[in-house]
Amino acid sequence: EGKAYFFKTTEEFEKMIAQDDLIEYAMYVGNYYGTPRAYVEEQLSLGKNVILEIEIQGALKIKKKFPEAVLIFVTPPSAGELRNRLAGRGTETPEKIAARLSRAAEESKQMDDYDFILVNDEVDRCVEEMHALIQAMHARTENHKTLIEKIKEEMKQF
């Protein structure tokens with residue numbers, strides 16, 4: 001609570017929707033999920049990266065509101081592996097697993113809407129690749145306009 005997730009009752013969540021306190025939200029396999037506006041804006045104002053683990057509806061809403069957002073689709077190496085992972089958790093009923101697989105099939109149709117695809121076949125390597133992507137995004141020229149202008153100005157003396 002308060003770190004990776006903020007747990008709310010259905011009534012609290014619906015109140016947040018009504019008050020526009022979420023930058024995105026969706027109903028996913030019978031549960032509400034969303035991203036609190038105040039938390040994200042606070043983290044961004046502190047110059048921090050904000051990584052959201054959200055489903056595709058929410059990701060596309062984020063991209064519309066924050067065009068500079070980078071969408072990374074993390075996928076298992078195969079549909080069979082996804083099924084095995086869901087079943088291997090031992091935390092969900094066969095019906096919930098079927099619902100999640102059905103939803104994953106729908107989401108796979110929009111994978112091309114993402115900026116990057118990461119295959120999570122080995123967790124440590126996937127984390128390293130994600131970190132490298134984030135670092136590469138920081139190095140983009142659009143994030144260094146002031147430095148670029150300074151260097152251009154200094155170069156005029158040569």
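A residue counts as buried when its relative accessible area is under 20%. Leucine 22 has a relative accessible area of 5%, so it is buried. This is a predicted model, and the values that follow are computed from it.

Leucine 22 is part of strand S1. Leaving aside residues up to four places away in sequence, its contacts are Phe13, Met16, Ile17, Gly34, Thr35, Pro36, Arg37 and Lys65. Glycine 34, one of these contacts, is 12 residues from leucine 22 along the chain, and the two C-alpha atoms are 6.4 Å apart.

Aspartate 20 sits in the loop that joins helix H1 (10–18) to S1. Its phi is positive, about 55°, although the residue is not a glycine. Most residues other than glycine have a negative phi. Aspartate 20 has a relative accessibility of 47% and therefore counts as partly exposed.

Strand S1 also takes part in covering another element. Helix H3 spans residues 56–65, and within it Ile56, Gly58, Ala59 and Ile62 are buried. Viewed down the axis of H3, these buried residues fall within an arc of 160°, so they line one face of the helix. Their cover includes strand S1 (22–28) and helix H5 (94–108). Lys65, which is within the residue range of H3, is among the residues that leucine 22 touches.

These elements belong to a protein chain with 7 helices and 4 strands. Read from the N terminus, the order is α-β-β-α-α-β-α-α-β-α-α. Among contacts between residues at least 6 apart in sequence, 53% join residues at least 24 apart.

The overall dimensions can be set against a reference. For 158 residues, a compact globule would have a radius of gyration near 15 Å, whereas the protein chain has 19 Å. Along the principal axes, its C-alpha atoms fill a box of roughly 70 × 40 × 25 Å.

Of the 158 residues, 22% count as buried.

Conventions
Residues numbered from 1 in each chain as written. Predicted model: local features only at pLDDT ≥ 70, side-chain atom pairs only at ≥ 80, totals over all residues. Heavy atoms only, no water. Helix = DSSP H or I, 4+ residues; strand = E, 2+ residues; numbered from the N terminus. Rg over C-alpha atoms; globule rule 2.2 N^0.38 Å. Buried < 20%, exposed > 50% of the residue type's maximum accessible area, 1.4 Å probe, protein only. Contact = heavy atoms within 4.5 Å. Arc of directions from axis to C-beta.
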